Every structure is written in C-alpha cells, then in structure tokens.
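Student: I've got a new model open and I'd like to learn how to read it. Can we walk through it together?

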Amino acid sequence: MTDIPVTPPAARKRRSNWQLLMANRLAAAGLFLFGFIVVVALLAPILPMPNPDITDQPNRLLPPLSAGHLFGTDHLGRDILSRLIWGTQVSLLVGISATALAALFGSLIGLVAGYTRGATDSVLMRFVDMLMAFPYILLAIAIVAALGPGLLNALYAIAIVNIPFFARNIRGVTVSIRNREFVDAARLSGKSHAAILFTEVLPNVLPVIVITMSTTVGWMILETAGLSFLGLGAQPPTSDLGSMLGQARAQLFTAPHASIVPGIMIFILVMSINLLGDGIRDVLDPRLRSGALDRPMPVTRIDRKTVPAPTLSDAPALVVENLSTGFDTGDTITPAIRDISFRLGKGECLGLIGESGSGKSVTALSLMGLVASPPGVITDGAVYIEGRDVLSLREQQLIGLRGARVAYVFQDPLTTLHPLFVVGDQIAEAILAHNPVGRQAAHARAVALMETVGIRDAASRASAYPHELSGGQRQRIGIAMALANDPDIIIADEPTTALDVTVQARILELLQQLRRERGLALLLITHDFGVVAQVCDRVAVMKNGEIVEQGDTQAILRDPQHDYTRRLIACVPELGEGHGFLDRVRPLFPEARP
Ligand SMILES: Nc1ncnc2c1ncn2[C@@H]1O[C@H](COP(=O)(O)OP(=O)(O)OP(=O)(O)O)[C@@H](O)[C@H]1O
C-alpha cells in the first residue's frame with residue numbers, strides 16, 4: 001500500500017484568509033498594484049512635483065520624457081504626471097465613497113425588504129425596479145443635470161444608480177436566511193426584529209456585501225470617469241482621471257500622450273481592483289474555495305502509484321483490493337478511506353457498516369469513480385468486476401458500466417429524483433441511457449419495473465411527480481431505476497435510513513426478493529447492525545476509513561473480534577429488552593455517567 005501523507009482533520013493546517021488571498025497570484029498582483037496606486041495618490045501632497053494647476057503656455061503639449069516632465073504636459077502646459085497623481089486621488093476618493101454610499105443604502109433596503117417581506121418588501125423592491133428600468137448612465141446624467149454639475153453630485157448620482165445592485169443581492173440572501181433555525185431561535189428568545197436583523201442576519205450577509213463592494217468599486221470608478229469625461233463630474237480647477245481624458249480629447253491626434261496616460265491609468269486602476277475583488281470573492285465564498293462550485297470531472301481523478309494486474313475471469317462479481325481514496329486539500333491529500341478490500345459473490349449480500357463519517361459512502365462512490373473531483377482522488381487499489389479492473393478503463397467505458405452493470409440506490413430519493421419530471425419518464429430515461437428501444441417500449445418497461453418493485457396501480461402512478469409519492473414509494477422508484485438495465489451489482493447506500501421501520505422492512509424484503517430472483521450481488525451500506533443481521537450474508541465493519549473486521553454475518557454476530565463491532569452490535573435495541581440493552585451497553589461506555 002502506498003503511503004499517503006496522513007493529516008488528521010484536527011491537525012490539518014487551515015490557511016488564513018490573507019494566506020489564501022496571497023496564494024491567488026492574480027489577486028496578489030491586483031493588491032500590489034492597487035496598494036501602490038493608493039500609496040502614491042495619498043503621498044501626492046509631499047511628492048516633489050510641480051503644482052498640477054499651474055499653467056505654462058510656452059511649454060504646452062510637451063512630449064513624455066521632456067526635461068522636468070516625465071509624462072509631458074497638457075494643452076495648458078500643466079505637468080501630466082502631477083495631474084495624474086492628484087486626479088487618481090480624486091477618482092479613488094469619489095469611486096470608493098460612491099461604493100460605500102451605495103452599499104450602505106442598498107444593503108439597508110435589501111435587509112429590510114428581505115426580512116419583513118409583505119407590503120414593505122413590495123414597495124421597496126418596486127422602487128428599486130423603477131431605478132433599474134432606466135439605462136444607468138442616462139439616469140446618472142439626469143440626476144447630475146437636476147442637482148447641477150460637480151464632483152459631489154456625480155458621486156451621489158453614481159451611488160444612487162448602483163443602489164439597486166446591492167439591494168437585490170442582499171435581499172436575496174436575507175430571504176434565504178430569515179427562515180433559518182437560528183433566526184427562529186432568536187425570535188423565540190424574545191429578541192426584537194431590529195436586534196435579529198443586526199445581530200443574526202447582518203453578520204451572515206456581510207461577506208456578500210464585501211464581495212459586492214469589491215466587485216463593483218472598479219465599475220463605479222469607471223462611471224465617475226464617464227461623467228467627468230462628459231463634463232458633468234470634476235469641474236476646473238479640480239480634475240479626476242475622467243476629466244483629464246475629456247480635456248485631452250481635442251488633441252487626440254496631435255498629442256495622443258495627453259489622453260493615453262490617463263486612459264492607461266484608468267485601465268490599470270480598474271484592472272487591479274477587479275483582480276483584487278475577484279480574489280476577495282474567492283476567499284470569502286467557501287464554496288468557491290473548496291471547489292464545490294466547480295463542475296466535477298466525469299470520473300474521479302485516479303492517481304495510483306501502481307496499476308494492478310488483471311485477475312482470473314471466473315472471479316466474484318466484485319473484488320475490491322486495497323482501495324484508498326482521499327480529498328485534495330491543496331497542500332496534501334487527506335485520506336478518507338484506506339486499504340479497503342472485500343469480495344462480493346454473485347447473488348450475495350455484503351453489508352458495509354460503520355458510524356457516520358467512517359467512509360462508507362466514499363467507498364461506495366469510489367467503486368464506479370463517482371467521488372466528485374475536485375477534490376476527490378483515488379490514490380491506490382483496484383476494483384475488479386468479473387476480473388476486470390474498472391479503474392483502468394477509459395472514461396467512456398467506465399461511464400458505460402454505470403447503471404448497466406453496477407447500479408446505485410441512494411438514501412433520499414427526493415434529492416436524487418428530478419422534481420420536474422414524472423417518475424415514469426425518469427425510469428424510461430434510465431432505460432434509454434443504455435438501450436435504444438424507443439420511447440414507448442421504454443415507458444412500458446418502466447411501468448413493468450414499477451410493478452416489479454411493488455407499486456400498486458403502476459400505470460397511473462407513472463405519471464406522478466416525485467413529491468406526489470410517499471417516501472417508501474419514492475425509494476421503490478429509486479430501486480426500479482437501479483433495476484432498469486438488469487445490473488449485476490446493486491450498491492444501496494442507506495436505502496432505508498429515511499424511512500420508518502415498517503416501510504424499511506418492506507424495502508429490505510423487496511431487495512432480498514430481487515436478489516434471490518435475479519441473482520444480484522448486493523452491497524448494502526448501513527449503520528444499523530439490525531439491518532445487516534436481517535439481510536446480509538457477510539459484513540465488513542468500517543471505522544475511521546478502514547475495514548476493522550469482516551466475515552460471515554452470523555459468525556461476527558456470535559463472536560465479534562473488534563471492540564468497535566461489539567459496540568455496534570450492542571446498539572441494536574431489542575423489543576422489550578430496554579433494561580438488558582442498557583446493562584449491555586453501559587460497560588462499553590465507561591466514560592458515560594449512569
Ligand atoms: N467532498 C468532500 N470533501 C472533503 N471531505 C469529504 C468529502 N466527502 C466526504 N468527505 C469526508 O470523507 C469521510 C467519509 O465520509 P462518508 O460520506 O463516506 O461517510 P459515511 O460513513 O458514508 O457517513 P454517513 O453515514 O453519515 O453518510 C468523512 O470524514 C467526510 O468528512
């Protein structure tokens with residue numbers, strides 16, 4: 001077995017937000033550039049530069065690199081470098097202030113509308129919709145025209161046209177948070193609405209506000225420059241980057257440097273802010289950070305040090321040897337399962353049992369390369385189906401085996417069934433994925449399968465949506481889909497956990513019956529030894545990602561070798577044996593108080 005750098009979760013190095021931001025090269029470059037621009041702009045009063053407003057007609061339109069004028073002079077002979085630095089200061093000040101104003105008022109509107117809903121929500125959001133109905137630059141021009149040209153009015157105009165952007169984003173997040181349990185708990189504890197809004201909801205919304213600010217500030221600097229370019233923003237003698245560009249427009253062909261210099265500055269400034277903003281968004285959004293929003297690869301990344309030789313063709317239905325899967329955390333691969341080996345014969349049922357987090361699902365998903373990558377990686381081992389190592393197959397071959405030779409039944413069919421399609425069509429689709437038999441034939445087979453799994457009045461229930469069926473019926477649909485292409489192996493991952501005991505018993509009986517009738521090999525994942533005792537010929541006990549004991553179910557029930565197995569068995573309560581159960585369990589948990 002290959003060594004994987006094992007990092008226990010508790011000891012795993014958690015990188016700070018700053019380290020994560022610096023690890024993103026583009027964001028780091030953006031931060032460096034933006035920081036440099038801000039520092040230079042702030043130092044403008046003490047830098048040894050000519051006064052940006054002093055005109056010098058004899059030296060007008062000097063080219064760059066002229067004596068005393070690194071970037072040349074403009075049409076009034078003013079030093080472009082000096083005006084650039086002072087203008088950048090003004091642009092930054094106006095852009096950042098406008099962003100802060102838009103964030104403050106937009107977030108307040110979004111928070112109040114999303115939290116109160118009802119009439120207040122409607123009034124506020126219709127006002128926001130009205131603002132959004134105008135082309136934003138026309139609205140900004142109209143606002144400045146009404147208030148009068150000037151930098152402060154341009155700032156207000158830019159802030160107002162950007163309020164809807166914040167209001168809509170924040171309202172959406174607030175609506176999704178207002179009904180969460182911790183908000184209900186705060187309500188029950190007697191907190192006022194204002195207190196709930198600012199102490200419970202706002203902290204959860206804050207990252208979204210910061211992300212929205214960081215991604216819009218560059219845009220607002222551009223908008224301010226746009227208004228100044230049109231002569232509606234900075235008024236002489238004050239100038240910002242937009243007004244510099246506007247004043248140099250007349251000499252675009254005779255002295256292009258006068259426009260190019262502020263143009264490049266606007267580009268660098270906005271680019272650096274956008275790069276930094278994207279970096280901040282990535283750091284603050286944990287889903288982006290973990291890669292959870294990335295589209296997973298069709299097959300789990302396989303990075304095995306050794307590729308196993310094929311075994312004999314008369315091998316059992318499924319043989320798993322030394323299978324190890326981990327999750328790529330950036331610095332290292334954290335193992336989730338290690339050295340998993342078991343065999344499953346035709347018509348046999350193997351129970352895979354263990355507590356939550358012991359690695360049962362990762363094992364089941366690894367068999368067909370279904371662990372999401374990133375971050376999942378199969379680091380070692382082999383999965384043989386009738387002697388062939390499926391992890392050595394080409395991607396398309398492995399995908400072809402899914403559903404056809406090996407089918408899955410998952411724990412909660414409500415999350416795996418598509419809510420907008422009727423169940424008959426979903427089973428038919430599973431059939432058509434591997435058998436081009438035509439829609440009608442597929443539908444007829446779907447109804448037959450529904451009958452096989454014991455759904456009464458299957459023909460009419462085929463046109464029901466998943467939410468119109470009971471939990472037990474939905475699980476039967478899940479089993480019917482698994483049977484759609486006559487697989488040899490069914491992997492059932494806690495198929496009865498979401499069901500009550502009577503329905504659980506019926507589903508288990510159905511799986512047993514299908515196993516007997518069709519000679520299916522069944523890998524049953526559960527955390528309940530009672531289920532294993534009822535259904536499985538053999539059992540493998542998992543703990544902390546490893547199989548600690550496996551063998552014949554009866555033998556293990558009679559004489560469990562591992563202490564953990566004994567605890568799992570002791571956890572199965574027997575009807576009417578409450579006292580006996582407690583007496584059996586108590587010695588196994590000496591740390592627990594009686
Ligand atoms: N996408 C993931 N990223 C990182 N770690 C993961 C991911 N999915 C699972 N794990 C880790 O792998 C380990 C095994 O998880 P697994 O889902 O296989 O447990 P399980 O035994 O099936 O639990 P349960 O009975 O609750 O479903 C856990 O420590 C879990 O945190």
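Predicted model: local features only at pLDDT ≥ 70, side-chain atom pairs only at ≥ 80, totals over all residues.

Student: Which residues other than glycine have a positive phi?

Tutor: Leucine 61 is one of them, with phi near 55°. Glutamate 494 is another, with phi near 45°.

Student: Where do I find leucine 61 and glutamate 494?

Tutor: Both are in loops. Leucine 61 is in the one between helix H2 (25-42) and helix H3 (80-116). For glutamate 494, look between strand S8 (489-493) and helix H19 (501-518).

Student: Is glutamate 494 buried or exposed?

Tutor: Buried, because it has 20 other C-beta atoms within 10 Å, and 20 is enough to meet the cut-off. Leucine 61 has 18 such atoms within 10 Å, so it comes out as partly exposed.

Student: Now the peptide bonds. Which residues does a cis peptide bond join?

Tutor: Proline 236 and proline 237, with omega at about 5°. Proline 237 sits in the loop that links helix H8 (193-229) to helix H9 (241-248).

Student: And zooming out, how many helices and strands are there?

Tutor: The protein has 23 helices and 11 strands. To see how the chain comes together, look at sequence separation: among contacts with a separation of 6 or more, 69% are between residues 24 or more positions apart.

Student: What does the predictor's confidence look like?

Tutor: The mean pLDDT is 85, and 90% of the residues reach 70 or more. Residues 1-13 are a stretch to read with that in mind: their pLDDT is below 50, though the model gives this stretch 20 contacts beyond near neighbours in sequence.

Student: What about scores for the complex?

Tutor: The predictor gives an ipTM of 0.93 and a pTM of 0.61.

Notes:
Residues numbered from 1 in each chain as written. Helix = DSSP H or I, 4+ residues; strand = E, 2+ residues; numbered from the N terminus. Contact = placed C-beta atoms within 7 Å. pLDDT = per-residue confidence, 0-100. Buried ≥ 20, exposed ≤ 12 C-beta atoms within 10 Å, placed from the backbone.
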